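Q: I'd like to learn how to read salt bridges in a model. Could you walk me through some?

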Protein chains: 2
Amino acid sequence: MTSHSDPITSTIRTRLRRKPDRGRFDRASVERILDEGFVCHVGTVDSGGPRVIPTCYGRVADVLYLHGSTGSTLLRALAAGTPLCVTVTLVDGLVLGRTQRTHSVNYRSAVIYGQARLVSEPGEKARGLAAIVERVVPGRTADVRPPNRRELAETHVVAIGIEEASAKVRSGPPLDGPDDLEIPVWAGEVPLRTVAGEPVPDPATPAAHRVRPPDPPGYVRDYRRLGE
Amino acid sequence: MTSHSDPITSTIRTRLRRKPDRGRFDRASVERILDEGFVCHVGTVDSGGPRVIPTCYGRVADVLYLHGSTGSTLLRALAAGTPLCVTVTLVDGLVLGRTQRTHSVNYRSAVIYGQARLVSEPGEKARGLAAIVERVVPGRTADVRPPNRRELAETHVVAIGIEEASAKVRSGPPLDGPDDLEIPVWAGEVPLRTVAGEPVPDPATPAAHRVRPPDPPGYVRDYRRLGE
């Protein structure tokens, strides 16, 4: 078992060569970022060149799950154990300095290196898929039909150990030098957050249900994301 | 000169092998996505393995600019012409089907493949850097000090032609099959958007300026992002 205070493996890849003060190398820092986002960018090497694809993910303990069609080039490559890099980035705000140079973005990012393992055991496959839906809409899987045999057969789920990983965080105000502080322009931070708008019911909802449209459940009505 | 209706080069990498109906291959579709986001994920190959790093970007016509310290491993690799993949992803909303399988995310993403060119001509370097600040906070560069000679010497700017590129878009409701439509659970879309919170003035603002704190300029007060 791994504990939240365990260090994550530090390697030449996860050690920060620039601005090492922004680095976080404990499991809890990485997991907090993974548990706030729901879209990652997966990097692979395809015919010698890099490829970066956005996709959803789920986390169960120290394992990250990705999924996709068995026909997907990405999922086939991941299932075959190609080296990968998964990055999750949360943008917290804009940093406006008094010079172009001191503009920045406040963010938290987690990077995981490794290789995936194709999940074939049915129980783990179901848990991995449910974790992905739950990461996007916590509470949702209890209300919907789980995947059937055909859907499971058409879907690849891969597992990535959260082992060689690190987090990077920038927060706080701009860092203008003493002379630049005298430039008489507003400077500071503009916090950003993601909010949910009014839910839009599926127009394909059958007429019988439409007469008394079921209210959106609490996890939809009160959906909140970053920074709220 | 390139025009907005020009097709962008379609290659084996940008052609979508899965769900080709989601693909967009015209310059305008790619540029619209680039002009709404401000964070990209840059993929490179480092010691044979993939690496995915978030960073800001700017666009001037059919060129994308990235920047970073001359000491940055990423910028050095980009400056040396390593193959790259730049991905910009905008998340528009959540798609809640009546089954786990029909859950999805509405999004728009742009992917650019290529190699960067180190920008050495001072005019283009300045324009590239300004474009990055303007992408994050439109209107800001007019108010702040441009980079000085030392800052320019410490910064690498690289240019990437927006040539081998494509966009991918998912929008609309969940796509449940006829049988699943009868499952009596709320289904539909939850739009997401990024909003700015109350600007936080830099606590380092000198006392003389603090007595009458300069109001945040309009581009800060009314900062709006995706979907607004």
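Q: Which residue forms a salt bridge with B:Asp180?
A: Keep in mind that this is a predicted model. You look for a side-chain nitrogen of Lys or Arg within 4 Å of a carboxyl oxygen of Asp or Glu. Here the partner of B:Asp180 is A:Arg145, with the closest N and O atoms 2.9 Å apart. B:Asp180 sits in the loop between strands S10 (164-170) and S11 (188-196) of chain B, and A:Arg145 in the loop between helices H3 (122-136) and H4 (149-153) of chain A, so this pair joins two chains.

Q: Is B:Asp180 buried or exposed?
A: Check the relative accessible area: under 20% means buried. B:Asp180 comes out at 14%, so call it buried.

Q: What does A:Arg59 pair with?
A: A:Arg59 bridges to A:Glu31, and their closest N and O atoms are 3.3 Å apart. That one ties together distant parts of the chain: A:Arg59 is in strand S4 (residues 58-60), A:Glu31 is in helix H1 (residues 27-34), and the two are 28 residues apart. A:Glu31 has 4% relative accessibility, so it's buried.

Q: And which residue does B:Arg117 go with?
A: B:Glu124, with the closest N and O atoms 2.9 Å apart.

Q: Which residues do salt bridges with shared partners join into one network?
A: Back in chain A, that network is made of A:Arg27, A:Glu31, A:Asp35 and A:Arg59.

Q: How many salt bridges does the structure hold over all chains?
A: Counting over all chains, you get 22.

How values were computed:
Residues numbered from 1 in each chain as written. Chains lettered and ligands numbered in written order. Predicted model: local features only at pLDDT ≥ 70, side-chain atom pairs only at ≥ 80, totals over all residues. Heavy atoms only, no water. Helix = DSSP H or I, 4+ residues; strand = E, 2+ residues; numbered from the N terminus. Buried < 20%, exposed > 50% of the residue type's maximum accessible area, 1.4 Å probe, protein only.
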